[in-house]
Amino acid sequence: MTKRRRQGAPLFAAPQGKASSDRAAPLAERMRPRTLDEFVGQEHLLGPGGLLREMAESGEIHSLLLWGPPGCGKTTLAELLARSANCPFVRVSAVLAGVAELREIVDEAEERLRLGGRPTVLFVDEIHRFNKAQQEAFLPHVERGTIVLLGATTENPSFEVVPPLLSRLSVLVLRPLAAEEVKAIVHRALLDEERGLGKLGLELLPEAREFLVEFAQGDARVALNTLEVAARMAVRRKGRTIDLGLVEKAAQRRALLYDKAGEEHYNVVSAFIKSLRGSDPDAAVYWLLRMLEAGEDPLFVARRMVVFASEDVGNADPRALSVAVAAKEAVDFVGMPEGRLPLTQAALYLAAAPKSHAVLRAMQAAEEDVKKHGALPVPLHLRNAPTPLAKAVGYGAGYRYPHDFEGHVVAQVYLPEKLAGRRYYEPSEEGEEREIARRLRSWREKTSSRDES
């Protein structure tokens with residue numbers, strides 16, 4: 001084998017069961033989980049019956065693509081899987097590695113196999129940064145089993161990984177760490193005396209912890225790096241308390257007055273919705289960014305806009321709902337901070353859209369009758385008659401098929417008899433509801449005249 005040592009490509013040939021305890025290493029590196037039981041998050045993959053849990057316990061792994069946001073555990077999972085299979089592990093970054101280095105890794109892997117060794121697990125971080133030719137170069141080696149390829153990407157692999165390689169990998173979606181999971185990681189780092197900050201006896205005040213977790217946005221590395229900087233500042237000041245001011249300085253960002261569990265949360269959300277309803281796009285965008293900068297869950301904001309699109313815009317602009325849903329999907333797809341753009345676009349659209357609460361009023365009126373009258377019987381002519389018996393007792397009798405009539409409209413009762421004539425939806429004269437109202441009036445006039453004739 002070649003004797004040249006590759007920078008940034010650590011190799012181990014057997015599970016060591018321990019992470020770095022070098023005090024010079026960053027806290028995030030020192031606290032890297034040594035076993036799956038130490039790993040926090042990704043329960044859908046690591047919980048009972050989860051794919052990665054079963055692979056680790058069986059010791060048999062195959063090529064995977066780990067798709068998820070930064071700091072969610074992709075690298076750590078790759079290392080732990082390699083250890084569970086007792087396989088040599090090589091780690092490279094697609095940003096730094098070249099063709100010559102990859103060729104050397106494959107040559108070494110082939111020699112290990114010839115000597116009766118285990119397949120080499122090759123972990124490629126940011127695999128989407130390799131070009132088409134570089135990605136396709138992995139194909140024969142993955143197929144022959146020379147290497148087990150574990151790729152990691154923050155980008156959608158459907159667009160960033162070539163189809164031939166993608167078809168040979170199982171794509172696993174990793175989720176951002178939840179707030180409680182980040183808190184658990186931070187808490188462990190504060191207490192761990194071997195690898196963490198436990199020997200310093202530091203106390204992280206509750207408001208500082210909340211801000212730290214919000215600032216991290218589900219990224220454990222960001223949380224631990226920020227905590228480490230704040231801890232150093234506390235020690236330099238000969239203190240043992242990490243307060244909000246220290247965490248703000250470490251994060252280089254001030255905490256906004258916004259408690260996601262308290263009154264200010266509801267005040268800001270209320271101001272945002274009322275600004276949308278009041279057709280003030282400038283105020284709407286201000287309150288939107290105020291929430292996002294304070295660490296609000298962007299999907300919470302997106303859900304509020306989806307509700308608003310039906311409740312306050314409705315059919316005055318039916319596209320509003322599509323815009324809001326598209327914003328939610330876009331945020332889920334690209335993540336933050338880029339997700340601020342589609343949220344801003346949607347907020348501006350909703351604020352500038354014509355307003356109508358006719359959908360809300362129709363829903364409330366119909367709901368009231370459902371609760372008041374209970375399960376009223378379906379009129380016989382509206383019931384299907386799938387059997388001779390159903391037809392014999394009158395199911396479907398007298399039903400008038402609208403497409404057989406002029407304008408595809410015919411006089412017919414569609415509500416239960418007790419509610420005949422009730423109107424729940426009264427379109428406004430705003431936006432596209434004006435046309436809906438005109439159309440409904442025209443149909444009602446036609447059916448009314450036919451009734452009279």
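A salt bridge here is a side-chain nitrogen of Lys or Arg within 4 Å of a carboxyl oxygen of Asp or Glu. Keep that cut-off in mind for the first part of the talk.

Some ground rules. This is a predicted model, where local features need pLDDT of at least 70, side-chain atom pairs count only at pLDDT 80 or more, and totals for chains, interfaces and linings use all residues. Residues are numbered from 1 along each chain as its sequence is written, and side-chain values use heavy atoms, with hydrogens and water left out.

Salt bridges, then. The structure holds 27 of them. One joins R91 to E79, with the closest N and O atoms 3.6 Å apart. This pair links distant parts of the chain. R91 sits in strand β3 (residues 89–93), E79 in helix α4 (residues 74–84), and they are 12 residues apart. Helices (H or I, at least four residues) and strands (E, at least two) are DSSP runs, numbered from the N terminus.

How covered are the two partners? R91 is partly exposed at 23% relative accessibility. E79 is buried, at 10%. The classes are simple: buried is under 20% relative accessible area, exposed is over 50%, and partly exposed lies in between (1.4 Å probe, protein chains only).

K132 and E136 meet in a salt bridge at 2.9 Å, N to O. Both belong to helix α6 (residues 132–136), and because they are four residues apart, about one helical turn separates them. K132 is exposed at 53%, while E136 is partly exposed at 27%.

Helix α12 (residues 220–236) has the other pair. E228 bridges to R232, closest N and O atoms 3.3 Å apart. Why about one helical turn between E228 and R232? Because they are four residues apart in that helix. E228 is buried at 8%. R232 is partly exposed at 49%.

There is also a network of salt bridges. It links R34, E38, D192, E194 and R195.

Now the inside. In soluble globular proteins, nonpolar side chains tend to be buried together. A nonpolar core here is a set of buried Ala, Val, Leu, Ile, Met, Phe, Trp, Tyr and Cys residues joined through side-chain atoms within 4.5 Å. The largest one has 31 residues. V186, L204, L227, I242 and V247 have the most contacts inside it. Elements giving two or more residues to this core are α1 (27–30), α10 (179–191), α11 (206–216), α12 and α13 (244–251). Helix α12 gives the most, eight residues.

Take L227. Contact means heavy atoms within 4.5 Å. Leaving aside neighbours within four places in sequence, L227 touches L27, V186, A189, L190, L197, L212 and I242. A second, separate core has 26 residues, among them M55, A82, F123 and A152.

Last, the surface. F159, F333 and V334 form a nonpolar patch with about 320 Å² of accessible area together. Patches take residues with over 30% relative accessible area and no salt bridge; like charges are joined within 9 Å, nonpolar side chains (Val, Leu, Ile, Met, Phe, Trp, Tyr) within 5 Å. Areas come from the Shrake-Rupley method with a 1.4 Å probe; for residues, only the protein chains shown count as cover. F159 lies in helix α8 (residues 157–160). F159 is exposed, at 62%.
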